[in-house]
Amino acid sequence: MQADNLTDVATAQVAAARAAGSGRSTHTVVGGQGRTLRQAVMALAAGHGLGEHESPKEATLQVLVGRVRLTAGEDAWEGSAGDHLVIPDRRHDLLALEDAAVLLTLVTG
């Protein structure tokens, strides 16, 4: 059995994102070759984002720390710690309104 403390992972990833030139850092919690479920803690330093990209088949986003804005076309959602969202099945982007970490869950297969 694998057990991770997501608060600890989020704290470490936010520190790594602050130090990274890209303003991003990611740690896979579950997933890898041969797995259809993937979960990753993704951290973004304030003002940094992912830019617009295609949506995976099925995905959710849970904000662990900080505040983020998810935009898909004309729709936008702002979330803070504890908020959970089903990511829309269309192009979208994610921006950190302040230093933030999210748990991204998606189906890869």
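Which strands form an open sheet, and in what order? I looked this up and found 3 strands in the order β5-β4-β7, with antiparallel pairing. The model is predicted: local features need pLDDT of at least 70, side-chain atom pairs count only at pLDDT 80 or more, and totals for chains, interfaces and linings use all residues. Residues are numbered from 1 along each chain as its sequence is written, and side-chain values use heavy atoms, with hydrogens and water left out.

**Sheet**

I noted the terms. Strands are DSSP runs (E, at least two residues), numbered from the N terminus. Two strands pair if DSSP finds at least two bridges between them.

β5 (75-80) and β7 (93-96) stand at the edges with a single partner strand each, so one side of each has no neighbour in the sheet. I then went through the pairs. β4 (residues 67-72) pairs with β5 over 6 bridges, in the antiparallel sense. Within that pair, L70 has W77 as its bridge partner. β4 and β7 are joined by 4 bridges and also run antiparallel. Here V68 stands opposite A96.

I checked the faces of β7. L94 and A96 make up the covered face. D93 and L95 make up the uncovered one.

Buried means under 20% relative accessible area, exposed over 50%, partly exposed in between (1.4 Å probe, protein chains only). The core has 15 residues, and L61, V68, L94, V102 and L104 touch the most other members. β2 (37-44), β3 (58-65), β4, β7 and β8 (100-107) each give two or more residues. The largest share, 4 residues, comes from β8.

**Salt bridges**

How many salt bridges does the structure hold? I found 5. The cut-off is a side-chain nitrogen of Lys or Arg within 4 Å of a carboxyl oxygen of Asp or Glu.

R67 and E98 form one, with the closest N and O atoms 3.4 Å apart. R67 lies in β4 and E98 in the loop between β7 and β8, so the pair ties together parts 31 residues apart in sequence. R67 is partly exposed at 34%, and E98 is partly exposed at 35%.

E78 and R69 meet in another, at 3.0 Å from N to O. I noted that R67, R69, E78 and E98 are linked in a network of salt bridges.

D75 pairs with R90 at 2.5 Å between the closest N and O atoms. D75 lies in β5 and R90 in the loop between β6 (84-86) and β7, so this pair ties together parts 15 residues apart in sequence.

Methods. A nonpolar core is a set of buried Ala, Val, Leu, Ile, Met, Phe, Trp, Tyr and Cys residues joined through side-chain atoms within 4.5 Å.
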